[in-house]
Amino acid sequence: MAKTIKEINEKIKRGEAVVVTAEEIIDIVEEKGAKKAAQQVDVVTTGTFGPMCSSGAYFNIGHSTPKIKLGGERAYLNDVPLYTGLAAVDTFIGATALPDDDPRNKTFPGEFRYGGGHVIEDLVAGKDLKLVANAYGTDCYPRRKLETWVNIRDLNEAVLFNPRNAYQNYNVAVNLGNTAIYTYMGMLKPNLGSANYCSAGQLSPLLNDPYYKTIGIGTRIFLGGGIGYVVWQGTQFNPAVQRKDNGTPCVPSGTLAVIGDLKQMSAEWLAGTSMQGYGTTLTVGIGVPIPILNEEMCTYTAVNDEELWTQIVDYGESYPQGKKGSLGEVNYAQLKSGKITVQGMAVPTGSLSSYPKAVEIAKTLKEWIEKGDFLLTEPVGFFPGPETGTTCKPLRERPLEK
Amino acid sequence: MISQRIVLHFPYKLADQPIVHRLVKDYDLEFNILKAYITAEEGGLLVLELGGEEKNYERGIQYLKEVGVKLQPLSQDVVRNSTRCSHCGACVPLCPAAAFEVVPVTREVHFHDTKCVACGLCVKACPLRAMEVRF
């Protein structure tokens, strides 16, 4: 018998909802079957904790006396440049922003010790940060220079706004070249010396709702240790890809754009991250609750690592040159065994996404729901599914000179 | 037999003395140099795997102390910041000494500091910069 989100919320309010994690549902369905499990379980919680570059935060710093207009000018937080192309004291910082004097990759591989992701972590941690701004001065905003400490508690708004998080599946990165390479997938040893993957697999939010039947615009989620919302499909949303019979894509596919009040988040779940030779980023904790509306949703959430497949991609040549082609398909159980076979060679695997933290997120969200603190939301709009033909296109370059 | 990884700090005055040679010749110990350099601040630094008969090993260590070499186990100098580490596992395939081990069910990453050879590969490769080499 099908349930509605409204009915599930009534059970949550009464403290009667049955909530399990996406790990726990696997055994329940194995034991009882999806039909019976769907009657008993109301919500399945998911989780993921990995580096997500398309993350950032916007904030309003409040007006100084006399007033200053940062808009269109230059401003820095702990030496990291802010985006100022907004109103006078609204700014945005992205996770990959770097101080102007960071050496980057001048001595290769660069270390990228501090950038936008670290600023966001420090801000959430409640540290004082150094704000420096220069402006051209106007009749209404005459001030030219501002240097002050700022703290998140004094900002009018501080909002985490990530245009692309929680990838539905991701490549396994290897290196066929004969020198080590430093990528956003970590350092890859030469000659197939290592293979890095980045997904929570069976706990990953979008792998548990492969056709976006419950996750949509307005879905309330665990975000950075607090409460957030899905606001749109993420950038590079690519639903019309090859999928397995269980509906899950076997290449990177769906993504989420998410938002939430930074002031109620925690630095434990938003960690400034340094990818050697690549740049800075932000490791983000996300957990999405999936309402078990029917047997179909129950079956989706019971997917396990052995049934989730992904592609092995060469980051030495194929990836940077945009060449299509997979070196083979592996499942997450194989990846988690510590070794996979690529071109007849045993290759040790490493993960960039933390599975223990993903488990912790799924359990935390489960507790919030069980306590009645967290109600599910009915999406106000849905993402374009595979049937819409929505695709992620490469850039078609058109030379400026004829 | 005993074999341990140790960090030796030499004052400048010992820089011209064949200390390791004495360990081999007088105390019948085996050594494997993992790292060696001289810094401006504190003189010479040598990371050694040192082994031999237990009695000889103890006498060798006693000799080092007597001539003025400061020493400590390598495991005290290579440290994981446990609040920073997320147990992602990015370090696991990079470590040449297999010092990181993933526990199968929980997926937690264990660091066996006794296996560590202090190469430092994990320090900069750790996305959350949880590993520290302190010497």
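**Helix crossing in chain B**

I looked up how helix 1 and helix 2 of chain B cross, and the crossing is right-handed (left-handed if the near helix is turned anticlockwise from the far one by less than a right angle, right-handed if clockwise). Helices here (H or I, at least four residues) and strands (E, at least two) are DSSP runs, numbered from the N terminus. This is a predicted model, where local features need pLDDT of at least 70, side-chain atom pairs count only at pLDDT 80 or more, and totals for chains, interfaces and linings use all residues. Residues are numbered from 1 along each chain as its sequence is written, while chains are lettered from A and ligands numbered from 1 in the order in which they are written.

Next I checked the geometry: the axes of helix 1 (residues 19-27) and helix 2 (residues 54-67) of chain B come within 10 Å and cross at roughly 145°. Axes are lines fitted to C-alpha atoms, for helices over the stretch in contact, and angles run from 0 to 180 degrees between N-to-C directions.

Which residues meet there? From helix 1 of chain B I noted B:I19, B:R22, B:L23 and B:Y27, and from helix 2 of chain B I noted B:N56, B:R59, B:G60, B:Y63 and B:V67. Contact means C-beta atoms, placed from the backbone, that lie within 7 Å. By type, this helix contact has five nonpolar, two polar and two charged residues (Ala, Val, Leu, Ile, Met, Phe, Trp, Tyr, Cys and Pro count as nonpolar, Asp, Glu, Lys and Arg as charged, and the others, Gly among them, as polar).

**Chain B as a whole**

I found three helices and eight strands in chain B, in the pattern β-α-β-β-α-β-β-β-β-α-β along the sequence. Its C-alpha atoms fill a box of roughly 50 × 35 × 20 Å along the principal axes. Of the 135 residues in chain B, 32% are buried (20 or more other C-beta atoms within 10 Å of its own, with C-beta atoms placed from the backbone).

**Where the chains touch**

I see 24 residues of chain A in contact with 17 residues of chain B. On the chain A side, strand 3 (48-51), strand 13 (186-188), strand 18 (270-275), strand 24 (345-351) and helix 7 (355-370) each supply at least two residues. That side of chain A divides into nine nonpolar, 13 polar and two charged residues.

**Helix 7 of chain A**

I tested the length of helix 7 of chain A: at 1.5 Å a residue its 16 residues should span 22 Å, and the end C-alpha atoms are 22 Å apart, which agrees. The expected span is 1.5 Å times one less than the number of residues. Buried residues in helix 7 of chain A include A:Y355, A:V359 and A:L365. Just after this helix, A:G372 has a positive phi of about 85°.

I then found an open antiparallel sheet in chain A with four strands in the order 6-5-8-9 (strands pair if DSSP finds at least two bridges between them). Strand 6 (80-81) and strand 9 (145-150) of chain A are at the edges with a single partner strand each, so one side of each lacks a neighbour in the sheet. Helix 4 of chain A packs on this sheet, touching strand 5, strand 6 and strand 8, and its direction makes about 125° with that of strand 8.

Conventions. Buried ≥ 20, exposed ≤ 12 C-beta atoms within 10 Å, placed from the backbone. Contact = placed C-beta atoms within 7 Å.
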